[in-house]
Amino acid sequence: MSSTKHNNDNDVAAQARQARLFRRTPLIYSTTLSELCQKDVYLKLDCLQASGSFKDRGMAHLCWTLRQKQNCHKLICSSGGNAGLAVATVGRQLGMTVQVVVPTTTKAMVVQKLQSLGAEVTIHGEHWNAADALARQWVEQDPEASYISPYDNPLLWTGHSTLIDEIIQDLKELVPPPKSSSDDATTKVTTPTIGTLILSVGGGGLLCGALEGLERHSSQGSDDSRHQDSTTTTTATTTKTLVLAAETMGASSFGQALEAGKLVRLSSIDSIATSLGALEVTPVALQRATQTDAPYRVQSALCTDAEAVHACVQLAQDHRLLVEPACGAALAVAYSERLRQQYLLSPNNNVVQGPIVIEVCGGSGVNIDLLTQWKKESGV
């Protein structure tokens with residue numbers, strides 16, 4: 001379970017950051033969502049990464065490590081689109097050859113973007129798992145190539161964890177610290193900097209990175225208050241960060257696994273959110289999500305395709321940003337009245353202290369025409 005320890009936030013993926021292989025993205029306050037959720041809501045805009053999604057973070061750290069420490073010059077990646085774009089973006093900066101295998105569900109505009117970045121693209125299989133099998137086969141046949149998973153690699157997770165570093169640093173400037181009770185000077189109230197974190201889950205790479213970041217920041221603080229039970233009389237009260245792992249119902253490999261307590265392999269992906277199209281999540285995602293002594297608690301949040309598309313439309317109207325339905329799944333938890341009541345305003349969750357942060361993970365397979373098409377097809 002234990003994540004890699006770092007003495008300073010800037011030590012995490014430092015070389016990749018210094019080489020400008022990924023961006024420090026803005027954390028912005030959303031007035032509309034704050035009013036809807038009755039609590040401060042911030043948006044972490046990883047849709048502004050160079051490739052269009054959060055995946056630049058992990059791919060930057062992974063590819064830099066392969067290039068500088070293992071002298072690798074050739075990368076073979078399987079992808080639903082966004083991971084491939086991140087590898088192609090970073091690989092090009094590092095002077096590496098990139099081959100990407102994508103399934104037939106990948107949009108033509110994404111294939112064109114990959115090719116424009118210099119990647120060699122092969123379209124194979126009806127879903128990502130089929131494309132991945134071919135990519136692995138090629139790597140076995142080519143001793144000079146390194147396999148790049150879109151989500152299942154510890155270096156990816158550490159790279160993704162940098163988003164937590166940035167969020168916490170920014171919130172320290174934006175959110176005032178909690179005040180101790182004036183009635184009892186001996187009682188110390190500690191509140192997590194991030195009260196609720198909402199993010200989308202596909203294969204589990206983003207979730208693994210976020211949980212690693214939360215664990216790292218907890219270990220840098222006081223260990224004494226991490227395991228306090230709020231039902232007992234102590235000198236400290238504390239609330240774990242609530243992590244809502246969002247998926248569409250037709251791509252809920254993580255949600256089903258969390259409910260079953262073991263990995264669940266879907267027979268197919270039946271969702272407009274094709275970027276969430278992993279039939280099975282990485283085992284580490286389930287392992288980290290079910291830790292009882294962690295500084296967070298993870299809950300699955302499932303939305304319909306229509307709710308995901310509606311959230312994309314609302315984000316475009318409120319913040320002038322375009323994202324894929326895969327990202328819309330996370331946004332839907334706040335935008336949908338049904339989901340808001342179920343996950344944010346329920347008796348179990350509305351007592352969580354601290355602001356809500358939504359990871360706007362992005363996605364490159366979107367434009368105005370596609371958003372209009374999704375809106376029409378889903379009846380939004």
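Q: Which strands does helix α13 lie across?
A: Helix α13 (residues 325-335) lies across β2, β8 (196-200), β10 (241-248), β11 and β12. Its direction runs at about 150 degrees to β8. Axes are lines fitted to C-alpha atoms, for helices over the stretch in contact, and angles run from 0 to 180 degrees between N-to-C directions. Helices (H or I, at least four residues) and strands (E, at least two) are DSSP runs, numbered from the N terminus.

Q: What should I know about the model and the numbering?
A: The model is predicted: local features need pLDDT of at least 70, side-chain atom pairs count only at pLDDT 80 or more, and totals for chains, interfaces and linings use all residues. Residues are numbered from 1 along each chain as its sequence is written, and side-chain values use heavy atoms, with hydrogens and water left out.

Q: How many helices and strands does the protein have?
A: There are 15 helices and twelve strands.

Q: Back to the sheet. What is the strand order in the open sheet of six?
A: The order is β1-β2-β12-β8-β10-β11, with mixed pairing. Two strands pair if DSSP finds at least two bridges between them. The edges are β1 (27-29) and β11 (296-303), each pairing on one side only. Neighbouring strands are turned by 25 degrees against each other on average, direction ignored.

Q: Are β2 and β12 parallel or antiparallel?
A: Parallel. Strand β2 (residues 41-45) and strand β12 (residues 356-360) pair over five bridges. Leu43 has Ile358 as its bridge partner in β12.

Q: Which strands does helix α14 touch?
A: Helix α14 (residues 337-344) packs on the sheet and touches β8, β10, β11 and β12. Its direction makes about 160 degrees with that of β11. Contact means heavy atoms within 4.5 Å.

Q: How do the axes of α13 and α14 cross?
A: They come within 6 Å and cross at roughly 80 degrees. The two helices are therefore roughly perpendicular to each other. For the cut-offs, angles under 35 degrees count as roughly parallel, over 145 as roughly antiparallel, 65 to 115 as roughly perpendicular and the rest as oblique.

Q: Which residues meet there?
A: From α13, Ala332, Val333, Ala334 and Tyr335. From α14, Glu337, Leu339, Arg340, Tyr343 and Leu344. By class, the contact has seven nonpolar, no polar and two charged residues. Ala, Val, Leu, Ile, Met, Phe, Trp, Tyr, Cys and Pro count as nonpolar, Asp, Glu, Lys and Arg as charged, and the others, Gly among them, as polar.

Q: Switching to Val41. Where is Val41 found, and is it buried or exposed?
A: Val41 is in strand β2. At 0% relative accessibility, Val41 counts as buried. Buried means under 20% relative accessible area, exposed over 50%, partly exposed in between (1.4 Å probe, protein chains only).

Q: What does Val41 touch?
A: Leaving out residues up to four places away in sequence, Val41 touches Ile28, Tyr29, Ser30, Leu33, Ser34, Ile356 and Ile358. The C-alpha atoms of Val41 and Leu197 are separated by 9.9 Å, though these residues are 156 apart along the chain.

Q: New topic, the open sheet of four strands. What is the order there?
A: The order is β5-β4-β3-β6, and the pairing is parallel. β5 (120-123) and β6 (145-148) are the edge strands. The twist averages 20 degrees from one strand to the next.

Q: What stands opposite Lys74?
A: Thr97 in β4 and Ala145 in β6. Strand β3 (residues 74-78) is joined to β4 by five bridges and to β6 by four.

Q: And why is β4 described as largely enclosed?
A: Five of the six residues of strand β4 (residues 97-102) are buried, so the rest of the structure largely encloses this strand.

Q: At what angle do helices α3 and α4 pack?
A: Helix α3 (residues 55-69) and helix α4 (residues 82-94) pack at about 45 degrees, with axes 9 Å apart. That makes α3 oblique to α4.

Q: Last one. How much of the protein is buried?
A: Of the 380 residues, 58% count as buried.
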